[in-house]
Amino acid sequence: MRILHVLDHGLPLHSGYTFRTRAILKAQMARGWEVACLTGVRHTNPGPDPETIDGITFYRTPPSAGGPSPLGEWREVRALSARLDELVAAWRPDLVHVHSPVLNALAALPVARRRKLPLVYEIRAFWEDAAVGNGTGREGSLRYRLTRMLETHAARRADAVAVICEGLRGDLIARGIDRDRIVVAPNGVDMALFGTPLPPDPVFARSLGLNEAEVIGFIGSFYDYEGLDDLIAAMPLLLAERPKAQLLLVGGGPMEGALKAQAERSPAASRIHFVGRVPHEEVDGYYALIDILAYPRKAMRLTELVTPLKPLEAMAQRKLVSASDVGGHRELIDDNVTGTLFSAGDPAALAAALSGLFADRDGWEERRDAARRFVEEHRNWSSNIARYIPVYQKLTGKILR
């Protein structure tokens, strides 16, 4: 079985997108399937073509001429489509597995039809909602509606559609996509990477000013929809109940400047620590210092529909998780069992949830066990990958194990 994956970007770049991709590919390779990847023009990291990273072969699309929207996007689609056609002729896959955004599907669909190849379109988030979430789009605008139409068009033309959660599946069904053509392949954790938590390093903790502290943390990208402004706003309220509380923010992104300015104005300024981006191989050391991982996502279509990856990684690390009650979190977290939910957009509710967790240390091990068990049994990539098998078999006629 030869599967060609078409991607927006890939390794060696680090993002939730590339980590999910790596997990899928490594799990498929472990089953004895042959896989390769083609990245689009938005993969801007210089490197050879092809390039082998972590045992995975990545082919690259040359840069396009660019231009104002929608000319720039049209040129991206054309460039990716031409490169894919060349690669299909040379590599001869049995199936093309295209990953969002929708531009990739628009590039791949004509190639797959011309080459008589089955095509699976995997949607990790709707591009129109992702644009709203990262501040580059507005819900209901002409661009938003056009992108939504293209997403629906691509889902209808694909031979099968994969989504990462029930929220996306339900939305596609409401658009008229046949439910029998949609498979849910949820986010998972590679337990070989996240399965053995490190002990906290007291010297490292002291260097960050966290010794003998009750540490709340966030590790990820600083987008507006992540709600980190609510987390900073909750700190003075939390300190009134838990004087040893400290907040550790690891990462960066578009909201970094605004968040730092907010923190400087806060009465809790001395208890809020920005670390910046850290190399992926060092992240475990920061996880080890954190007692509770907080995910205060704001309520909007993106967060209501899409399940995030980071809470699963925290659960695999046996960390306590507290998250806002948006739909994507409710799909992952069993309240007061595997994590604690609080009202989205409410710093007081967030502070109360964190304070309650610190006051209930006797229940921590039971929660950690339950969360870790959930990841091992239901969100482990070694078993998650089996969800693709019936789809691949039906489309290719091959018997897979």
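In helix 10 (residues 256-265), Leu-259, Gln-262 and Ala-263 are buried (under 20% relative accessible area, with exposed meaning over 50% and partly exposed in between; 1.4 Å probe, protein chains only). Seen down the axis of helix 10, these buried residues fall within an arc of 100 degrees, so they line one face of the helix. The arc is that of the directions from the helix axis to the C-beta atoms. On the other side of helix 10, Gly-257, Glu-264 and Arg-265 are exposed. Helices (H or I, at least four residues) and strands (E, at least two) are DSSP runs, numbered from the N terminus.

The model is predicted: local features need pLDDT of at least 70, side-chain atom pairs count only at pLDDT 80 or more, and totals for chains, interfaces and linings use all residues. Residues are numbered from 1 along each chain as its sequence is written, and side-chain values use heavy atoms, without hydrogens and water.

The cover over the buried residues of helix 10 includes helix 9 and strand 11 (272-276). Leu-228, Asp-229, Ile-232 and Ala-233 of helix 9 meet Leu-259, Gln-262 and Ala-263 of helix 10 (contact: heavy atoms within 4.5 Å). By class, this contact has five nonpolar, one polar and one charged residues. Here Ala, Val, Leu, Ile, Met, Phe, Trp, Tyr, Cys and Pro count as nonpolar, Asp, Glu, Lys and Arg as charged, and the others, Gly among them, as polar. The axes of helix 9 (residues 228-241) and helix 10 come within 10 Å and cross at roughly 10 degrees. Axes are lines fitted to C-alpha atoms, for helices over the stretch in contact, and angles run from 0 to 180 degrees between N-to-C directions. The two helices are therefore roughly parallel to each other (angles under 35 degrees).

The largest nonpolar core has 57 residues. Such a core is a set of buried Ala, Val, Leu, Ile, Met, Phe, Trp, Tyr and Cys residues joined through side-chain atoms within 4.5 Å. Ile-216 and Leu-231 have the most contacts inside the largest core. Apart from this core lies another, of 43 residues, including Leu-109 and Ile-177.

Two peptide bonds are cis in the backbone: Ser-69 to Pro-70, with omega about 5 degrees, and Ser-100 to Pro-101, with omega near 15 degrees. Pro-70 is in the loop between strand 4 (56-60) and helix 2 (71-91). Pro-101 is in the loop between strand 5 (95-99) and helix 3 (102-115).

Arg-92, not a glycine, has a positive phi of about 55 degrees. Arg-92 is exposed, at 63% relative accessible area.

Definitions and conventions: Angles under 35 degrees count as roughly parallel, over 145 as roughly antiparallel, 65 to 115 as roughly perpendicular and the rest as oblique.
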